[in-house]
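Subject: Structure handover

Hello,

Please find the structure below. My notes on it come after.

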Amino acid sequence: MKIALVCGTRPNFVKIAPLMRAIRKHNASSEGTPIVPLLVHTGQHYDYQMSRIFFEDLELPEQDIHLGVGSGTHAEQTSRIMIEFEKVLFQEVPNLVVVVGDVNSTLAAALAAAKLQVPVAHVEAGLRSFDRTMPEEINRVLTDAISDYLFTPSSDADDNLKKEGVLQEKIYLVGDIMADSLLHNKVKAEASKALFRLGLERGNYTLLTMHRPSNVDEKGNLLKISRALKEVSQRITIVFPVHPRTRQNIEGFGLSSFFENKRILLIEPLGYLDFLKLMIDCKFVMTDSGGIQEETTVLGIPCLTLRNTTERPVTVSQGTNTLVWNDTERIVAEALKILDGKGKKGNCPELWDGKTAERIVNVLVQSGR
Ligand code: UD1
């Protein structure tokens with residue numbers, strides 16, 4: 001049974017690593033058909049800090065095939081991945097293609113496979129923000145529509161799929177795969193020297209990430225968030241590993257002055273273990289990432305999400321997440337609430353227990369793919 005596993009961006013590596021581990025474990029157990037994994041990196045992310053470091057931190061094996069597509073417009077990137085991945089499908093003839101998350105690499109690989117009638121498994125299926133201005137929402141809806149196995153992290157995702165007419169027998173509630181990586185690497189991350197290197201003290205800083213086009217590609221929105229950050233930084237140090245897209249825009253829009261402040265540490269993007277260490281020890285997180293909303297819920301760290309919708313509602317209803325969008329006053333008010341000891345306390349959702357990848361591999365083995 002040959003399975004092609006496709007990854008291309010930072011969050012993909014975090015989701016693929018537990019699957020590779022679960023496949024190794026399955027093969028070592030000598031029960032059932034062995035799986036031959038074929039790890040394909042599309043090259044959507046390519047800088048050391050955006051790609052290679054994740055392979056090292058997560059102990060991912062070297063990819064078998066690198067498509068080298070790089071950056072571009074959505075159509076350019078998606079089509080280049082399709083063209084290159086189709087060649088891999090012809091040459092390698094996998095029995096199944098596994099895609100994860102909601103990035104352009106996810107949709108492109110799924111589409112190339114489905115057109116050749118290669119079955120597709122989508123890990124993190126069913127998530128919906130119901131906001132079609134997000135490129136990720138389009139990727140999610142389309143990938144789910146052409147997948148044969150839909151592995152969901154929470155029951156709200158099952159409900160979304162059923163409403164879209166997906167047959168129950170294709171849907172498998174398996175839990176959150178990012179929690180697998182987090183729980184597996186937590187002890188290792190705790191040994192990271194990131195706090196020491198940055199001169200930080202446990203609980204005395206907030207961690208910020210921001211890269212959504214709606215926040216960073218539009219000057220007015222970036223300005224509203226920048227104003228809030230300046231105010232929050234008067235009460236607590238902000239550590240801000242800056243995504244390349246965001247750095248280009250802060251400079252391009254002439255907003256650097258908001259960040260020239262000793263209480264805002266602008267640093268390069270971090271690897272998985274250093275970032276996890278900073279998350280474990282911070283007072284709270286501000287982010288527009290999808291995965292970080294889940295990770296903070298697993299860790300029980302308050303999270304202010306710089307968006308007005310989330311495709312992960314369980315992190316709000318059960319977890320530690322609060323949506324604050326780009327609303328300057330709201331961001332500041334919620335941050336102050338946390339600093340006054342009134343941060344949200346949450347629970348870890350069911351099945352976010354570190355065993356999601358094993359459940360996925362079991363399903364695939366039992367169905368003979
Ligand atoms: C992509 C995903 C997003 C995900 C994010 C994780 C899509 C539509 N978006 O967004 O869902 O949350 O990855 O980080 O797939 N760049 C570099 N070095 C790199 C990669 C990118 O400098 O290694 C720069 C390039 O200028 C590029 C820009 O960042 O044009 C955006 O990269 P891209 O992969 O298109 O989108 P992300 O914003 O990273």
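This is a predicted model: local features need pLDDT of at least 70, side-chain atom pairs count only at pLDDT 80 or more; totals for chains, interfaces and linings use all residues.

Residues are numbered from 1 along each chain as its sequence is written, and side-chain values use heavy atoms, with hydrogens and water left out.

Ligand site

The shell around the ligand holds 19 residues, of which His45, Asp47, Asn104, Glu136 and Arg245 come nearest (near: a heavy atom within 4 Å of the molecule). By class, 5 of the shell residues are nonpolar, 9 polar and 5 charged (Ala, Val, Leu, Ile, Met, Phe, Trp, Tyr, Cys and Pro count as nonpolar, Asp, Glu, Lys and Arg as charged, the others, Gly among them, as polar).

Some polar contacts (pairs of N or O atoms within 3.5 Å) are these:
- Gln44: an N or O atom of its side chain is 2.9 Å from an oxygen atom of the ligand.
- Asp47: an N or O atom of its side chain is 2.8 Å from a nitrogen atom of the ligand.
- His211: a polar side-chain atom lies 2.8 Å from an oxygen atom of the ligand.

The protein buries 88% of the 750 Å² that the ligand exposes when taken alone (Shrake-Rupley areas, 1.4 Å probe). Helices H1 (10–29), H3 (74–92) and H11 (244–252) are the elements that give two or more residues to the shell, and H11 gives the most, with 3 residues. Helices (H or I, at least four residues) and strands (E, at least two) are DSSP runs, numbered from the N terminus.

Sheets

An open sheet of 7 strands runs in the order S3-S2-S1-S4-S5-S6-S7, with parallel pairing (strands pair if DSSP finds at least two bridges between them). Its edge strands are S3 (65–66) and S7 (171–173), each pairing on one side only. S6 (149–152) is joined to S7 by 3 bridges, and Phe151 has Tyr172 as its bridge partner in S7.

The other open sheet has 6 strands in the order S10-S9-S8-S11-S12-S13, also with parallel pairing. S10 (264–267) and S13 (321–323) stand at the edges with a single partner strand each, so one side of each is left without a neighbour in the sheet. The twist averages 20° from one strand to the next (axes are lines fitted to C-alpha atoms, for helices over the stretch in contact; angles run from 0 to 180 degrees between N-to-C directions). S8 (205–209) and S9 (237–241) pair over 3 bridges, with Leu207 opposite Val239.

Regards

Conventions. A polar contact is a pair of N or O atoms within 3.5 Å; within protein, one must be able to donate a hydrogen and the other to accept it, and residues adjacent in sequence count only if both atoms are side-chain atoms.
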